[in-house]
Amino acid sequence: MSYTTSAKLTLQAGANQQIQARVIDLAGNVTPVNLSDAGYILDTTAPTALPTLSTVSFSHDTGLSTSDRVTNLAAQTVTVSLSEAFTQTAGETLQVSADGTTWVDATLAENNLSYTASLTLVAGDGTIRARMIDVAGNTTANILTSGNTYTLDTTAPNASNANVSSISF
């Protein structure tokens, strides 16, 4: 015999928790129900915070300098450099975002001093954001506090009003 029901539960935080069920008939007789795979872990702890982040750089920075985060290319490999080596906790991932909505997993470099991720920048002025996320979906706040703004300018300059008075060789 099979019976399906649903109920709204308030789960208790912690590991090795169990959901229990029982059936009560009209006469008040109680029968415990064996729930296989009814264990759960409710994780509400934020992931490990990263050390101070020092720089955000792009693979194709086409601005006046190679480090001003001004570019005309939306597809970028973004590197987030750390101020000190970092050992990532199992089950936690650094994610970066160019719009605060779409998050992309970043890869920790072998030297434990930087993360890289492929991002598509949003046109205009924007901000690169980064956060740690764990397997339960808990996140840290944005961990980039400075040096994380960018400009994606894909509009060609308007040369129709240019007035060249002379050219010399």
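This is a predicted model: local features need pLDDT of at least 70, side-chain atom pairs count only at pLDDT 80 or more; totals for chains, interfaces and linings use all residues.
User: Which residues form the nonpolar patch on the surface?

Analyst: Leu-9, Leu-11, Ile-19, Val-23, Val-33 and Leu-35. Together they have about 450 Å² of accessible area.

User: Where is Leu-11 found?

Analyst: In the segment before β1, which covers 14-18.

User: And why does Leu-11 count as partly exposed?

Analyst: Because its relative accessibility is 38%. Buried would need under 20%, and exposed over 50%.

User: Next, the hairpin. In what sense do β2 and β3 pair?

Analyst: Antiparallel, over four bridges. Strand β2 spans residues 21-24, and strand β3 spans residues 30-33.

User: Which residue is the bridge partner of Ile-24?

Analyst: Val-30, in β3.

User: How many residues sit between the strands in that hairpin?

Analyst: Five. Gly-28 in this hairpin takes a positive phi, near 95°.

User: Switching topic. Where is Asp-134 placed?

Analyst: In strand β13, residues 129-134.

User: Is Asp-134 buried or exposed?

Analyst: Buried. Asp-134 has no salt bridge, either.

User: Which side chain of opposite charge is nearest, and how far away?

Analyst: Arg-131, at 9.9 Å. The cut-off for a salt bridge is 4 Å.

User: Which backbone nitrogens does the Asp-134 side chain reach, then?

Analyst: The side chain of Asp-134 reaches the backbone nitrogen of Ala-136 at 3.0 Å. A polar atom of that side chain also lies 2.9 Å from the backbone nitrogen of Asn-138.

Key. Residues are numbered from 1 along each chain as its sequence is written. Side-chain values use heavy atoms; hydrogens and water are left out. Patches are made of residues with over 30% relative accessible area and no salt bridge: like charges are joined within 9 Å, nonpolar side chains (Val, Leu, Ile, Met, Phe, Trp, Tyr) within 5 Å. Accessible areas come from the Shrake-Rupley method with a 1.4 Å probe; for residues, only the protein chains shown count as cover. Helices (H or I, at least four residues) and strands (E, at least two) are DSSP runs, numbered from the N terminus. Buried means under 20% relative accessible area, exposed over 50%, partly exposed in between (1.4 Å probe, protein chains only). Two strands pair if DSSP finds at least two bridges between them. Lys and Arg count as positive and Asp and Glu as negative; His and the chain ends are not counted. A polar contact is a pair of N or O atoms within 3.5 Å; within protein, one must be able to donate a hydrogen and the other to accept it, and residues adjacent in sequence count only if both atoms are side-chain atoms.
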